[in-house]
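Work through the exercises below with the sequence and the structure at hand. Try each task before reading its solution.

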Amino acid sequence: FEVGRFREETMAYPPGVTPASWLSVSPPTGSGNSWTFQFSVNTTGLSPGTYTTTVGLGIARADSSIIAYEYVQITYSIVTVSAYPVAINFNVSSVATPAPQNLMLTSNIGSVGWTSSISYTSGTPGWLNLSPESGSTVPANITMNASSMPLGVYRADVSIDVGGIVTTVPVTLTVNDPRVNFVSPYVAITNVGGDVIVRGHG
């Protein structure tokens, strides 16, 4: 906005507004009727959340006497991001397709947008995809799908960027050879009925 003249001491808080210790203003730059004000935030000691205050900048005559104050609302948010679960594991046999798994994304600032990226850290890349890959609000539910792969262990990091805050979730895909690894009872008795427990994968 435009003012006539500005003195540093003409910044004030409206009646009933407690001065914000986290906000400061630098001397303005400009000339004539056009000036630019730069505000800065000191985040030391601030907890996550949204902070709002209102400041008044004095509009003055040529003799520096104040005509009126122009009130400006200033809002600053400290964003936190959480992803659950903190790690995802796919464990399947080589003849099965991994079932999708979900990742829940939450934030203390619900209207902020988010984007995602995948970084493959071991094994053949390209086996993981996300749906959706980005969004405009949080909380969000992200579905992870892993492709069928040969025997082995594959690892990737999924990075979620929410308003500049990046959260990384490690993802592991373990593909096993189908086999039976447990039978009970191990020895059967002839002509005696009963249950047999068989466990394995694939």
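A nonpolar core is a set of buried Ala, Val, Leu, Ile, Met, Phe, Trp, Tyr and Cys residues joined through side-chain atoms within 4.5 Å, where buried means under 20% relative accessible area (1.4 Å probe, protein chains only). This is a predicted model: local features need pLDDT of at least 70, side-chain atom pairs count only at pLDDT 80 or more, and totals for chains, interfaces and linings use all residues. Residues are numbered from 1 along each chain as its sequence is written, and side-chain values use heavy atoms, with hydrogens and water left out.

**Exercise 1.** Find which residues have the most contacts inside the largest nonpolar core.

Solution. The largest core has 29 residues, and Leu-105, Trp-127, Met-144, Val-162 and Leu-173 have the most contacts inside it. Strands are DSSP runs of E, at least two residues, numbered from the N terminus. Strand S15 gives five residues to this core, the most of any element. A second, separate core has five residues, among them Trp-22 and Ile-74.

**Exercise 2.** State the strand order of the open five-strand sheet and explain which strands are at its edges.

Solution. Two strands pair if DSSP finds at least two bridges between them. The order is S9-S16-S15-S11-S13, with mixed pairing. S9 (88–93) and S13 (134–135) each have a single partner strand, so one side of each lacks a neighbour in the sheet. Inside the order, S11 (residues 114–122) and S15 (residues 152–162) pair antiparallel over eight bridges. Ser-122 stands opposite Arg-155 of S15.

**Exercise 3.** Which side chain makes a polar contact with that of Ser-159?

Solution. Ser-159 lies in S15. A polar contact is a pair of N or O atoms within 3.5 Å; within protein, one must be able to donate a hydrogen and the other to accept it, and residues adjacent in sequence count only if both atoms are side-chain atoms. The side chain of Thr-168 is joined to that of Ser-159 by such a contact, of 3.5 Å.

Notes
Helix = DSSP H or I, 4+ residues; strand = E, 2+ residues; numbered from the N terminus. Buried < 20%, exposed > 50% of the residue type's maximum accessible area, 1.4 Å probe, protein only.
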